[in-house]
Structures are given as structure tokens and as C-alpha cells.
Amino acid sequence: MKKLGIIGGLGPMATAHFLRLLTQMSDAETDQEHMEICMISNPATPDRTKFILGESACSPLPQMAEAGKKLKGLGAELLAIPCITAHYFHGELEERTGLRILNAVEETARYLQERGIQSAGIMATDGTIKSGLFQRALARRGIESVIPDEGYQRKLMDIIYLDIKAGKTPDGGGFADVAANLRDGGAQVILPACTELSLIKRECLAGAGYLDVMEVLAAMAVEECGRLRPEYRELIT
């Protein structure tokens, strides 16, 4: 089994949830049957969204790359980043670290295509939305992207930054409002495409018709580095 390296802390609560997913998805009956993981958690890494939007000159890339290099030195053979916005730097991070990095964006698009999904609603940070990461990946597989209207996108950013990153209870009603806006726009499946939003699903606030991108990333990591429990092969609620 490969040794997994995690570039964590982006943010801390999402990283903790990712570790929990890796454990519960692993088909292991003893401690010794779980995958080996090494992790560097650096919450001081500059904000990814602010840099992508040009609101900050502080790039998170050097610190993420340094973490990846340290993980390689610790024996990591494969990297995962439980931060979807950080996937904006995916290609350059692979070049700088010399390691393959699991790509949650591309894997999610592939997963939807294989199940015949034709349209997907994207719940993500402003950085992820404006970078077009998911829109391009979905379009390459013939899937239409639906994004929230402006007011609903502001509401979603408040849930991510003012609730979850601040350690507060997430606004489930606001989350449902954004989801309804995406359904009205024609989305067959809704993608919580920010790792903080995975915590909404953990609190059982999501309902049916969601594909949690964090779960896609975790399942991919387990398949590469361990054994995936059969019940986690189908992830759309």
C-alpha cells in the first residue's frame, strides 16, 4: 500500500473531517490494516481565494509546495490536499514536489460522467467559481455547470467563512436556499465543492442528490493507498 501525504490545515476543520473520512471508508478490521498517513497542517498558509481573486499578493503556493517536499522526505508516495480551491495550483504543485497529487476536480467530473449526469450545480468559494476549475472539467466530459446567482453565492461564502471556518454551527437553512437556487437552474446533482461544505453533509443537512467532492477525494485516496469499503463506491446521496 502506498503511503499518503496530506497537505493540511486549509482549513483545519476540513482537514480533520478528511482524516475521519479516510478512516471510516477504509475496509480495515484492525489498526494495522489502515493506510499509513503523514500530514503537515499549516493553517498559516495564505488564503487561496483572496490570492486567486487578486485581493492579496501573498501566494499560498510556496508554503504548499514546501509542505509537499517535506512529506516526500517523510516517505509519502502520493499527495492529497483537502482544499478544493487549492486545486487551482495542482499542476505547478506536482512539478515542484515531484509527486502525483490526487485531483478531486477531475475525479468528480469523471464520476458524474460515468453515471450519466448531464448537469451539476457547483457550491464552492468565489476563487473556485471564478477560476473555472469545475466548469472546465465538467465541460470536457459534456456536463453542464450551474452556479449560484450572485446573492446566493454571497450567502454561501458567509457559510464557509463566517460559520464553518469560524468554528460556528453552519447555516443549514442558507445552504438549502443555495441548493434550491441551483435546482431551479437545472442542476441534477449538487456538488459541495468546498471542503468546508462537507461538514454540512456530516450534520445531515444536505438531503438527496448531492455528491460531496471531499468524499470523492477520500474514496480515491483509500483506493490508492488501502482498501475501500464497498458501500462507499456510490457516493451520490
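Q: A charge sits over a ring if NZ of Lys or CZ of Arg is within 6 Å of the ring centre and within 35 degrees of the ring normal. So which residue lies over the face of Tyr 161?

A: Lys 165 does, at 5.6 Å from the ring centre. Before we go on, this is a predicted model, where local features need pLDDT of at least 70 and side-chain atom pairs count only at pLDDT 80 or more, while totals for chains, interfaces and linings use all residues. Residues are numbered from 1 along each chain as its sequence is written, and side-chain values use heavy atoms, with hydrogens and water left out.

Q: Thanks! What sits over the ring of Tyr 210?

A: That is the charged end of Arg 183, 5.4 Å from the ring's centre.

Q: How many aromatic pairs does a search of the whole structure find?

A: Three. Rings of Phe, Tyr and Trp (its six-membered ring) pair if their centres lie within 6.5 Å; planes under 30 degrees apart count as stacked, over 60 as edge-to-face and the rest as tilted. One of the pairs is Phe 51 with Phe 89, which is tilted, at 6.1 Å centre to centre and 35° between the planes.

Q: Where in the chain are Phe 51 and Phe 89?

A: In distant parts, 38 residues apart: Phe 51 is in helix 2 (residues 48-52), and Phe 89 is in the loop between strand 3 (78-80) and helix 4 (90-97). Helices (H or I, at least four residues) and strands (E, at least two) are DSSP runs, numbered from the N terminus. Ring pairs also bring in Tyr 88, making a cluster of Phe 51, Tyr 88 and Phe 89.

Q: Is Phe 89 buried or exposed?

A: Buried, with a relative accessible area of 5%. Phe 51 is partly exposed, at 25%. Buried means under 20% relative accessible area, exposed over 50%, and partly exposed in between (1.4 Å probe, protein chains only).

Q: And why is the pair of Phe 175 and Tyr 210 stacked?

A: Because the ring planes are at 25°, with the centres 5.8 Å apart. This pair links distant parts of the chain too, with Phe 175 in helix 9 (residues 172-184) and Tyr 210 in the loop between helix 10 (198-202) and helix 11 (213-225). Both Phe 175 and Tyr 210 are buried.

Q: New topic: in what order do the three strands of the open sheet come?

A: The order is 2-1-3, and the pairing is parallel. Two strands pair if DSSP finds at least two bridges between them. Strand 2 (37-41) and strand 3 stand at the edges with a single partner strand each, so one side of each has no neighbour in the sheet.

Q: How many bridges join strand 1 to strand 2?

A: Five join strand 1 (residues 4-8) to strand 2. Leu 4, for instance, stands opposite Ile 37 in strand 2.
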